[in-house]
Amino acid sequence: MTERLDALEAEAARAFEAAKDQGALEEARVRWLGRKSELTGLLRGLKDLSPEQRAAVGARANRIRENLESRYEEARSSLASAGAPSGSASAPALRDVTLPGRSIPRGHEHLLSQVLREVREIFHGMGFALAEGPQVEDDWHNFGALNIPKGHPARAATDTFYLRPDILLRTHTSSVQIRVMEKQQPPVRIICPGRVYRNEAVDATHHFEFHQLEGLYVDENVTLGDLKGTLDRFLKSFFGPATEMRFSPSYFPFVEPGAQVEIRCFFCGGKGCPVCGPLSGGWLEVLGAGMVHPNVFRAVSYDPERWTGFAFGAGIERLVMLRHGVPDLRLFYENDVRFLHQF
Ligand code: PHE
């Protein structure tokens, strides 16, 4: 019996050492140390031995059991530390050099700036130069020279922020046209993009500050046909080659005749939808335009008998909202990156 015990000890120790993973080790434990193992059977059989034999063999069998249990523990902990990816001081941390790195979030140009640049390029291609002017204006450049004298009802149409009785935040970029014509003789071909201010209650389609893009062309024999051709080209470049445009009569003090320029709704194709509204008949207003009023030419000392010209103006935010389906004007100014990063 003691011979069998020795052989069993050696065999079990080898089995624990040979186990390649936790599963194999557990199998070996059940086989050599479990309740139905040979060793447990032998220990149970001790009761049939004589008292002297029982003491000697029992002590030996118990030592073997303790020895095998500690061999098993050793094998288990060495498998555990080999299998773990990192952690213990003795095992160096494993780095997977093929994992993609963590990217650093990057900023980009604001949607309005992108569109302003795009629009400048479209008009640059048609020979329009860029002109800029001050946002704090005087009454003359914002109103007087544009055929809107004091007391003119058109002054009530825009609620103006006055800084002093004659100084204000410009309500449109038409003021820049006056400044350019005061300094430069025709031909003049400019666009004036920029920020403008009106004392409006803020909602999804109104804001007290927004951007306009205004254009002016003055030369000999400039006609309404030139205006239509220019705007058709612009709107097709901006909204797509299938864009349909139409002019309807409208009133602005600084042009005569004046027009409101509309494009056929590209959401519903002109059937009428929530974007173009049930009453519009499927047309979206995108621009104001017209032939420069002779009084404007007189104000900048151009001879209205010799020169003719057209002007137009658009709200940049409105163009962007239509093209990109942005439902609320305030999104442009809130700087929520969840909105901004989409563009
Ligand atoms: N200045 C006008 C506005 O702010 C737009 C416009 C410009 C209309 C030029 C006609 C011609 O609404």
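For the counts by class below, Ala, Val, Leu, Ile, Met, Phe, Trp, Tyr, Cys and Pro are nonpolar, Asp, Glu, Lys and Arg are charged, and the others, Gly among them, are polar. The model on screen is predicted.

Select the ligand and the residues around it. The shell holds 13 residues, and the closest are H172, S174, R198, Q212 and E214. Sorted by class, six residues of the shell are nonpolar, five are polar and two are charged.

At S174, an N or O atom of the side chain is 3.0 Å from a nitrogen atom of the ligand. At R198, a polar side-chain atom lies 3.0 Å from an oxygen atom of the ligand. At Q212, an N or O atom of the side chain is 2.8 Å from an oxygen atom of the ligand. On its own the ligand has 320 Å² of accessible area, and the protein covers 90% of that.

The ligand takes up the space of the largest pocket. Switch to the cartoon and colour β6 (209-219), β9 (283-292) and β10 (308-315): these elements each give two or more residues to the shell around the ligand. Which of them gives the most? It is β10, with three residues.

Last, select T243, in the loop between α9 (224-239) and β7 (245-250). Is T243 buried or exposed? T243 counts as buried because its relative accessible area is 11%, and the cut-off is under 20%. From T243, draw a C-alpha to C-alpha distance to G281: the two are 16 Å apart in space and 38 residues apart in sequence.

Note on methods. Residues numbered from 1 in each chain as written. Predicted model: local features only at pLDDT ≥ 70, side-chain atom pairs only at ≥ 80, totals over all residues. Heavy atoms only, no water. Near = heavy atom within 4 Å. Polar contact = N/O pair within 3.5 Å; in protein donor to acceptor, adjacent residues only side chain to side chain. Areas by Shrake-Rupley, 256 points an atom, 1.4 Å probe, with all protein chains shown as cover. 1 Å grid on protein atoms, 1.4 Å probe; cavity = no way out; pocket = protein on both sides within 12 Å on 5 of 7 lines; lining within 4 Å. Sits in = over half its atoms within 2 Å of the grid points. Helix = DSSP H or I, 4+ residues; strand = E, 2+ residues; numbered from the N terminus. Buried < 20%, exposed > 50% of the residue type's maximum accessible area, 1.4 Å probe, protein only.
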